[in-house]
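Please keep the sequence and the model at hand while reading.

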Amino acid sequence: MSGNKLENLNVASQEALITPEALKKEMPLSDKAAETVSKGRQAIYDIMDGKDHRLFVVVGPCSIHDVEAARDYAARLKKLADEVSDTLLIVMRVYFEKPRTTVGWKGLINDPHLNDTFDIEQGLHIGRRLLLDINELGLPAATEALDPISPQYLQDTIAWSAIGARTTESQTHREMSSGLSMAIGFKNGTDGSLDVAVNAMKSVSHPHSFLGIDQQGQVAIIRTKGNNYGHVVLRGGGGKPNYDSVSVALCEQALDKAGLRKSMMIDCSHANSSKDPAIQPLVMQDVTHQILEGNTSIQSLMVESNINWGNQSIPENLADLKYGVSVTDACIDWPTTEKAIRDMRDKLKDVLPKRKIG
Ligand SMILES: O=C[C@H](O)[C@H](O)COP(=O)(O)O
Ligand SMILES: C=C(OP(=O)(O)O)C(=O)O
């Protein structure tokens, strides 16, 4: 550590990490996986541009903590995705980085062994392997871009990214998003503020120059071109939901006033469900009804779903973990997910092709 007595005084230790280039050399993207990423990104662009009539639906666990259960879930979701692909583009939530309101487990990259050992090098390897395998299935992946460095390790496997409610106002995250290679959903603030997401959409469309790391892990000046595929994610906040038609109309007005594309995602979980999974299918039904009634701005949804219902705390003895149950937010189970997605597809399959977007 530096000999300077005025710096790192609160740093306990630091250790070098594998570079992004080295990790990708160890775990390259196959042609099949690359095709899944590229097609997934393009389909989302086409949906946002009104060239593809479908909705895209980001479905999956609140967080990934058990890669075998994640593979099991991905195989089920891939089958469902193929079944509904005429109407819904299904993208799997593969969330490795968890923003916490205060403290708590921060995800599989930060602590892959769920025991505060913070084996981040192992976390990056495990996370990349799973993302490669999910894309190999032909299932595109979505994640939250939370850590400003990790995208250099993983973003070549990602078709869509979210910036979370706690970081949508962050300049660092807006700068990072302006250089990412896919559409970015900006959550409204945890207090329900829409302004932070609208301002993020404005910011992300501009070029930015900022401090980052390159593929060789060298600190570098990153200069971006700007990203024209930012959109708002309505996730509720301030103790109340904002998926209702009035909140959606107010969001459309705000986007119109700002001269931004009226493309939004409804997050059926978080403050839109008061974190009660039983509410998520009701939100999905309400959104479907809004579209049947003529809404043309809702182009995507987010659903927190797992193999089994609810959530669990991380036990002292990991052998006590219940299979396929979230260790962060509570999720709907697989049968509920299948039913809700199928219902949405059946109700919208003849309507979406007639929607005039934009
Ligand atoms: O999606 C996960 C949670 O909503 C988010 O990480 C905050 O969780 P917490 O309030 O339990 O920290
Ligand atoms: C943390 C999440 O959501 P939010 O940022 O809306 O709380 C999430 O989608 O996992």
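Strand E9 (residues 264–267) is covered on both faces: Met-264 and Ile-266 are buried on one side, and Met-265 and Asp-267 are buried on the other. Here buried means under 20% relative accessible area, exposed means over 50%, and partly exposed lies in between, with a 1.4 Å probe and protein chains only. Helices (H or I, at least four residues) and strands (E, at least two) are DSSP runs numbered from the N terminus. In a regular strand the side chains alternate between the two faces of the sheet.

The model is a predicted one, in which local features need pLDDT of at least 70 and side-chain atom pairs count only at pLDDT 80 or more, while totals for chains, interfaces and linings use all residues. Residues are numbered from 1 along each chain as its sequence is written, chains are lettered from A and ligands numbered from 1 in the order in which they are written, and side-chain values use heavy atoms, with hydrogens and water left out.

**Strand pairing**

Two strands are said to pair if DSSP finds at least two bridges between them. E9 has pairings with E8 and with E10. The pairings are set out below.

| Strands | Sense | Bridges | Bridge partners |
|---|---|---|---|
| E9 and E10 | parallel | four bridges | Asp-267 and Met-302 |
| E6 and E7 | antiparallel | five bridges | Ile-213 and Val-219 |

Strand E10 (residues 298–304) is mostly covered, with seven of its seven residues buried. Strands E6 (residues 209–213) and E7 (residues 219–223) form a hairpin with five residues between them. In the turn of this hairpin, Gly-217 has a positive phi of about 80 degrees.

**Helix H7**

Why is helix H7 largely enclosed by the rest of the structure? Seven of the 10 residues of H7 (residues 195–204) are buried, so the helix is largely enclosed. The buried residues are Val-196, Ala-197, Val-198, Ala-200, Met-201, Ser-203 and Val-204. Their cover includes helix H6 (171–177), strand E5 (183–187), strand E8 (230–234) and helix H8 (245–257). An α-helix has 3.6 residues a turn, so residues three or four places apart point the same way.

**The largest pocket**

A pocket is found on a 1 Å grid over the protein atoms alone, as an open set of points where a 1.4 Å probe fits, with protein on both sides within 12 Å along at least five of seven lines; lining residues have an atom within 4 Å of a point. Grid points are joined across faces, edges and corners, and a volume is the space filled by probe spheres set on the points.

The largest pocket has a volume of about 510 Å³. Its lining has 20 residues, and Leu-17, Ile-109, Asn-110, Ile-120 and Asp-147 lie nearest the centre. Helix H4 (residues 120–136) gives the largest share of the lining, three residues. By type, the lining of the largest pocket divides into 10 nonpolar, three polar and seven charged residues. In this division Ala, Val, Leu, Ile, Met, Phe, Trp, Tyr, Cys and Pro count as nonpolar, Asp, Glu, Lys and Arg as charged, and the others, Gly among them, as polar.

**Individual residues**

The loop between strand E2 (88–93) and H4 holds Asp-116, and Phe-118 lies in the loop between E2 and H4 too. Asp-116 has a positive phi of about 60 degrees although it is not a glycine, and at 58% relative accessibility Asp-116 counts as exposed. Phe-118, also a residue other than glycine, has a positive phi near 50 degrees; Phe-118 is partly exposed, with a relative accessible area of 42%.

Ser-273 is in the loop between E9 and helix H9 (280–292) and is buried, with a relative accessible area of 2%. Leaving aside neighbours within four places in sequence, Ser-273 is in contact (heavy atoms within 4.5 Å) with Cys-268, Ile-279 and Gln-280.

Gly-259, in the loop between H8 and E9, counts as exposed at 63% relative accessibility. Gly-259 and Lys-202 are 57 residues apart in sequence, and their C-alpha atoms are 9.1 Å apart in space.

**Annotation**

An unreviewed UniProt entry carries the annotation "domain: DAHP synthetase I/KDSA" over residues 41–339. UniProt positions are given in the numbering used here, feature names are shortened, and annotations may be inferred rather than shown by experiment. The span of residues 41–339 is 32% helix and 17% strand, and its end C-alpha atoms lie 26 Å apart.
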